[in-house]
Structure formats: C-alpha cells, structure tokens
Amino acid sequence: MTQKVAIVTGGTRGIGAAIAQAFQEADYTVAATYYGNDNAAKKFSEETGIPTYKFDVSDYGACEKSLAQIQAQIGAVDVLVNNAGITRDGFLHKTTPSQWSEVIRTNLDSVFNMSRLVIDGMRARCFGRIISISSINGLAGQMGQTNYAAAKAAIIGFSKALAQETAAKGITVNVIAPGYIDTEMVRAVSPEILTKITDKIPVKRLGKAEEIAAMAVFLASNQAAFTTGATFSVNGGQYMS
Ligand code: NDP
C-alpha cells in the first residue's frame with residue numbers, strides 16, 4: 001500500500017515538529033513547512049529526514065507555488081495540518097492595525113489558503129483529512145489576545161462549515177484546541193505568569209507537544225472517519241467547554 005502524504009505547516013518547531021514526527025512514525029510521507037527560522041528547519045530536517053519547505057502561509061500565491069512543488073516531489077496531500085501560528089499580544093487599546101492583521105493573516109488566512117489549495121484534490125480522490133490547530137484561548141478568550149482569540153475562534157467556524165461541505169466526499173475537518181503546551185511560544189512568557197498558568201491547570205503541568213500530535217494522528221486515521229466538524233480540547237482540564 002502506498003504511504004499517505006501529510007503536510008504540517010509550521011512543522012519544524014514546537015507542536016508542529018512533534019506532529020510531523022508522529023506522522024512519520026505512523027508511516028506517512030511527511031513535509032514540514034516554516035517561514036523564518038532556517039536554523040531550526042535545517043536542524044529538524046537533519047534529525048528527522050523530513051523535508052522542509054520555506055514559505056509564508058499567509059500569502060496565497062506563495063502557498064500555491066510551494067504546494068505545487070511539494071506535491072510534485074512527495075505526492076498529493078492526503079492530510080493537511082494547519083498548525084503555523086503566531087502571537088502579537090497586547091490589550092486592544094494598544095494593539096496596532098498591523099499586529100491585528102499579522103495575527104489574522106498568519107493564523108486564519110493561512111487556514112483558508114492551504115485548505116483551499118488541497119480541497120480540489122481531496123474531493124477528486126474522495127479522501128482527505130484537514131486538521132487545524134486552534135487554542136484554548138479561542139474557546140475561553142484571553143485578555144491581551146483579541147487578535148489571537150478571534151483568529152483561533154474563527155478556525156472553529158470555518159472547520160464546521162467545511163466539514164458539512166465535504167462530509168459526503170470522505171473528507172473530515174476537525175480542530176484541536178491545545179491548552180498551554182511546553183514550547184518556545186509558551187516559554188517566552190515570564191516565569192511568574194507561567195507559574196500562575198500552571199496553578200490553574202488541574203493536571204498541574206504544561207502539556208507536551210507529543211500529546212497534541214497523538215490527537216492529530218488519530219484524527220487522520222481511518223478509525224476517525226466518523227469524526228468531523230469537531231473541536232478537541234487537549235488542555236489538562238483547564239477549560240471544559
Ligand atoms: P512555535 O512558535 O514554536 O512554532 C510556530 C511555527 O509556525 C514555526 O515553525 C514557524 O516557522 C511557523 N510559522 C510562523 N509564522 C509563519 C508563516 N507566516 N508562514 C509559515 N510558517 C510560519 O509555535 P507552537 O508550536 O507553540 O504553536 C503551534 C500552533 O499551536 C500555533 O498555531 C499556536 O497558536 C498553537 N497553540 C500553541 C499553544 C502553546 O501552548 N504552545 C497553545 C495553543 C495553541 P519559523 O520556525 O520559521 O518561525
């Protein structure tokens with residue numbers, strides 16, 4: 001049987017890297033994308049053998065060009081994991097239009113761009129898995145993150161709508177909403193705030209990137225064929241919606 005092809009955006013660091021590796025371990029052919037950090041991508045590729053591709057997921061034209069290259073090299077995409085994301089935190093009264101649009105474009109437009117570009121192929125082959133990474137803060141809100149919470153909440157609406165459009169075509173569309181996971185994004189928070197965060201998590205620790213990756217691999221599997229339009233919280237019990 002030929003291997004299925006999975007592409008993970010922002011797949012060279014943090015949660016995305018764990019997802020890319022979990023798919024590799026599950027016997028998928030994997031491509032990981034990134035945008036700025038060449039060193040991290042080089043290190044990741046050397047360690048895992050997973051090819052990396054550099055482009056801006058917020059730019060439709062760049063996604064189109066790179067996806068064509070990726071699919072020519074490793075095959076048609078069966079599984080898309082929309083993981084790339086950024087934060088530009090600040091209370092709304094201090095948020096600039098560019099901080100707003102950077103977050104919306106990178107976290108939300110990217111989901112449209114990548115999904116739009118793989119959907120025709122998935123429909124034609126009557127199989128596909130689209131998994132997007134939202135956040136606990138898209139469900140619960142978080143002060144200082146109007147831009148990020150808006151983008152992460154919108155991913156859920158997008159996925160429910162697309163799930164309805166594609167269910168009869170063998171394509172599932174689901175969302176994972178991680179809580180606080182031990183990655184560079186979270187380590188950038190001050191130690192005092194991090195302690196306050198951990199105190200509020202019932203399991204009393206940060207999550208591991210591998211715990212998000214395991215959910216992604218399940219959602220891509222044949223066993224998850226009846227699971228679509230759903231949002232899965234992986235947050236140590238911090239927010240039960
Ligand atoms: P990291 O900051 O560790 O990694 C982000 C990845 O996204 C990197 O590979 C980065 O590439 C890539 N990326 C950023 N901007 C772009 C862009 N414009 N085009 C292409 N790739 C881009 O993030 P995390 O692993 O912490 O987070 C991964 C996802 O999980 C994000 O969507 C985040 O919002 C979400 N999440 C994270 C949580 C956490 O606790 N860490 C909690 C809840 C949700 P490069 O290396 O080149 O910069």
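This is a predicted model: local features need pLDDT of at least 70, side-chain atom pairs count only at pLDDT 80 or more; totals for chains, interfaces and linings use all residues.

Colleague: At what angle do H4 and H6 pack?
Modeller: About 15°, with the axes 8 Å apart. H4 is residues 97-125 and H6 is residues 146-166. They are therefore roughly parallel (angles under 35 degrees).

Colleague: Which residues of H4 meet H6?
Modeller: Among them are Trp100, Ile104, Phe112 and Arg123. On the H6 side, the residues include Tyr148, Phe158 and Glu165. Contact means heavy atoms within 4.5 Å. By class, the H4 contact with H6 has 14 nonpolar, six polar and three charged residues.

Colleague: New topic. Is Gly128 buried or exposed?
Modeller: Buried, because its relative accessibility is 0%; the cut-off for buried is under 20% relative accessible area, and for exposed over 50%, with a 1.4 Å probe and protein chains only. Gly128 is in strand E5, residues 128-133.

Colleague: What does Gly128 touch?
Modeller: Asp78, Met122, Gly170, Ile171 and Thr172, leaving out residues up to four places away in sequence.

Colleague: And which residues of H8 are buried?
Modeller: Leu194, Ile197 and Thr198, in a helix spanning residues 191-199. They cover an arc of only 95° around the axis, so they lie on the same side of H8. That arc is taken from the directions from the helix axis to the C-beta atoms.

Colleague: What do they pack against?
Modeller: Helix H7, 184-187. The face of H8 turned away from the buried side carries exposed Glu192 and Lys196.

Notes: Residues are numbered from 1 along each chain as its sequence is written. Side-chain values use heavy atoms; hydrogens and water are left out. Axes are lines fitted to C-alpha atoms, for helices over the stretch in contact, and angles run from 0 to 180 degrees between N-to-C directions. Helices (H or I, at least four residues) and strands (E, at least two) are DSSP runs, numbered from the N terminus. Angles under 35 degrees count as roughly parallel, over 145 as roughly antiparallel, 65 to 115 as roughly perpendicular and the rest as oblique. Ala, Val, Leu, Ile, Met, Phe, Trp, Tyr, Cys and Pro count as nonpolar, Asp, Glu, Lys and Arg as charged, and the others, Gly among them, as polar.
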